[in-house]
Amino acid sequence: MSLFKKIFSSQKKETLDKGLEKTKTSFFSKLGKAVAGKSKVDDDVLDNLEEVLVSSDVGVDTTLKIIERIEARVARDKYVGTDELNAILRAEIAGLLSETNDGDVSDIQIPKDKKPYVIMVVGVNGVGKTTTIGKLAHRFKNQGLKVVLGAADTFRAAAIDQLQVWADRVDVPIVKQQMGSDPASVAFDTLSSAVTQDADVVIIDTAGRLHNKVNLMNELTKVKRVMQKVVEETPHEVLLVLDGSTGQNAFEQAKQFTKATEVTALAITKLDGTAKGGVVIGISDQFKIPVKYIGVGEGIEDLQAFNKHEFVDSFFKI
């Protein structure tokens, strides 16, 4: 590994450790109270642990799965001390994440055999969708890739303006039309422009509203169909952006969007400002969709490729 990569990797891990600090502090404070005065893992400890996991936004179903696995281990080993609980929890959470995520990615990257690689970004307003697009564009550009943005969230003028700000900041081209334009038309123009420019990556922003799921479904389906007239089998990735600080509300949004369109990857933002980082574990487990990116700070470099090994290590770092 080059010196630059080592420094970057070290900085990335420090940012992740810092970004999960509130979640970790809250979780271990609750866990400490759950096992206070206990030397072995018994029914009382498991009941308390269940409460800790649910209140940490891991989600009820995922929590029950973790508890069942620990119960099986206690039954098998006959005696499990509370001092072993951290290591057991760490192993079980890593195991759950392994069932969905490859977890070996160390940097944000795209397949080299698809050009342009088309990412359609979905999510409600306010979750950090535009910021995520901007940060992704920045990272791709720094890798020497040619990036084109498409402002297909034509429902709000602010959405187009915000994407323009990021396009200017990152210095990448943007394709846009007036507010109220047909989103599919914007997507078509964006891909046509990208092909003409021999672009490597296209990132399409889409409307962030859920007030009518049928309309959303129809709109996203139309956008996909029109894009495929320019580049077959697009989009290559449908990225759902969720705000980690909203906890259980993020679960509900994931549920609604996965019903409205085929989501292939998740980005979970704003983990640095919340104690609800456990939501990453629950959403990954419940929806069986890879968490691809996590936002752990406001800086332009603070969108990270999700790596389960690094995440679990930071989560359980004392």
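View 1. Arg69 belongs to helix 4 (residues 60–77), where helices (H or I, at least four residues) and strands (E, at least two) are DSSP runs numbered from the N terminus. With a relative accessible area of 27%, Arg69 is partly exposed (buried is under 20%, exposed over 50%, partly exposed in between; 1.4 Å probe, protein chains only). Leaving aside neighbours within four places in sequence, Arg69 is in contact with Glu92, Gly95, Leu96 and Glu99, contact meaning heavy atoms within 4.5 Å.

**View 2. Glu237 in strand 5.** Glu237, which lies in strand 5 (residues 237–243), counts as buried because its relative accessibility is 3%. Its side chain is joined to that of Tyr117 by a polar contact of 2.7 Å, and its contacts beyond four places in sequence include Val118, Thr264 and Lys292.

View 3. Eight strands form an open sheet in the order 3-2-4-1-5-6-7-8, with mixed pairing (two strands pair if DSSP finds at least two bridges between them). Strand 3 and strand 8 (303–305) are the edge strands, each pairing on one side only. Strand 6 (residues 265–269) and strand 7 (residues 291–295) pair in the parallel sense over three bridges, and the bridge partner of Leu266 in strand 7 is Val291. Helix 10 (residues 248–260) packs on the sheet, touching strand 1 (117–122) and strand 5, and its direction makes about 155 degrees with that of strand 5; axes are lines fitted to C-alpha atoms, for helices over the stretch in contact, and angles run from 0 to 180 degrees between N-to-C directions.

**View 4. Confidence along the chain.** The mean pLDDT of the protein chain is 88, with 94% of its residues at 70 or more, pLDDT being the predictor's confidence in each residue, from 0 to 100. Over residues 1–8 the pLDDT is below 50. Where pLDDT is low, the predicted coordinates should not be read in detail.

**Notes.** Residues are numbered from 1 along each chain as its sequence is written, and side-chain values use heavy atoms, with hydrogens and water left out. Local features of this predicted model need pLDDT of at least 70 and side-chain atom pairs count only at pLDDT 80 or more, whereas totals for chains, interfaces and linings use all residues.

Conventions:
A polar contact is a pair of N or O atoms within 3.5 Å; within protein, one must be able to donate a hydrogen and the other to accept it, and residues adjacent in sequence count only if both atoms are side-chain atoms.
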